[in-house]
Amino acid sequence: MADENPQANPAEEADTEHKETEAEEETQVRSQMLCELQRVEKDMINNSSIVSKPEVKPYTPDIFNDLSPYYNRYIVKYMINDQVDYVPRPGWGTRATTLRLVDPEESWRMDHFPGPKYDTVIPRCFYKPQIWSKNVSGKDDNQGSTRLPPIPKPFRSDINRLKETKAQRRMKEDRQRTLNDWQRMNLTELKVLPDQSRYHVKKAIMSYLGTSKGSNKALKPLLSELSTAE
């Protein structure tokens, strides 16, 4: 007579036992976490009684002054201990600057040598030192100490002519300088660039090299050649 209760599959029994083990482990971990959280909660409740709000006081500004300049001996000790001959530092000056691209040797020269002294717009011939120093304050007791010497009156036409001459000379110098920079940097090789790239490079050249009337005058034909290049 056959058995009415068939035997269970071993694989199913192993899977069931594995699930029950995982459930028990998960329940155990959850219980441990709850216990730890409850312990932390009790500690936080106990710590809350330690912290108390301080008493509010009216604001008092800090006006304390230690008057250290009257008893600080730092400077005195420094002067006593340091008896090395004092070498005065040279006076302040101005560094030469430029509005164009320069070579490294020219940049070094601007850092280590003073720049040229440009003459004033008014020629020196219009100033007469003898007249200026004739009535300088202090030479005559009858004159006040704030009396100024007579101011020279240069001719306006002569000043305008001198300014125009200097402007023309500066324009020629800038034009020649720009031509030299163009040749030195081999900018004629930009003809091989595509049209779009050549357009942006032309704008950059005009911004960096075209800083004066003479420079613009020199760049116009050169940039026109780049525009017509195939």
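Ser-215 counts as buried because its relative accessibility is 0%, where buried means under 20% relative accessible area, exposed means over 50%, and partly exposed lies in between, with a 1.4 Å probe and protein chains only. This residue is found in helix H7, and helices here are DSSP runs of H or I with at least four residues, while strands are runs of E with at least two, numbered from the N terminus.

The structure is a predicted model, in which local features need pLDDT of at least 70 and side-chain atom pairs count only at pLDDT 80 or more, whereas totals for chains, interfaces and linings use all residues. Residues are numbered from 1 along each chain as its sequence is written, and side-chain values use heavy atoms, with hydrogens and water left out.

**The chain as a whole**

The protein chain has seven helices and zero strands, and its pattern along the sequence reads α-α-α-α-α-α-α. Of its 230 residues, 11% count as buried. Among the contacts in the chain with a separation of 6 or more, 59% are between residues 24 or more positions apart, a contact being heavy atoms within 4.5 Å.

**Around Ser-215**

The side chain of Ser-215 is joined to that of Arg-177 by a polar contact of 3.4 Å; such a contact is a pair of N or O atoms within 3.5 Å, and within protein one must be able to donate a hydrogen and the other to accept it, while residues adjacent in sequence count only if both atoms are side-chain atoms. When neighbours within four places in sequence are left aside, Ser-215 is in contact with Asp-174, Arg-175, Arg-177, Thr-178, Leu-209 and Gly-210.

Thr-178 lies in helix H5, which covers residues 156–184, and Thr-178 is buried, with a relative accessible area of 1%. With neighbours within four places again left aside, Thr-178 is in contact with Leu-209, Ser-215, Ala-218 and Leu-219. Met-171 is also placed in helix H5, and Met-171 touches Lys-213 and Gly-214, not counting residues up to four places away in sequence. Although Met-171 and Asn-216 are 45 residues apart in sequence, their C-alpha atoms are 9.7 Å apart in space.

**Helices H6 and H7**

The axes of helix H6 (residues 195–209) and helix H7 (residues 213–228) come within 11 Å and cross at roughly 170°. H6 is therefore roughly antiparallel to H7, a description used for angles over 145 degrees. In this pairing, Arg-198, Lys-202, Ile-205, Met-206 and Leu-209 in H6 meet Ser-215, Asn-216, Leu-219, Leu-223, Leu-226 and Ser-227 in H7.

The largest nonpolar core has nine residues, namely Trp-182, Leu-187, Leu-190, Ile-205, Leu-209, Leu-219, Leu-222, Leu-223 and Leu-226; a nonpolar core is a set of buried Ala, Val, Leu, Ile, Met, Phe, Trp, Tyr and Cys residues joined through side-chain atoms within 4.5 Å. The largest share of this core, four residues, comes from H7. Leu-222 touches Leu-179 and Trp-182, not counting residues up to four places away in sequence.

**Partly exposed residues**

The table gives three residues with their relative accessible areas.

| Residue | Relative accessible area | Class |
|---|---|---|
| Met-171 | 24% | partly exposed |
| Leu-67 | 43% | partly exposed |
| Asn-186 | 42% | partly exposed |

Leu-67 is placed in the loop between helix H1 (10–48) and helix H2 (74–81), and Leu-67 has a positive phi of about 55° although it is not a glycine. Asn-186 lies in the loop between H5 and H6, and the phi of Asn-186 is near 55°, a positive value in a residue other than glycine.

Methods:
Axes fitted to C-alpha atoms, helices over the stretch in contact; angles between N-to-C directions. Parallel < 35°, antiparallel > 145°, perpendicular 65-115°, else oblique.
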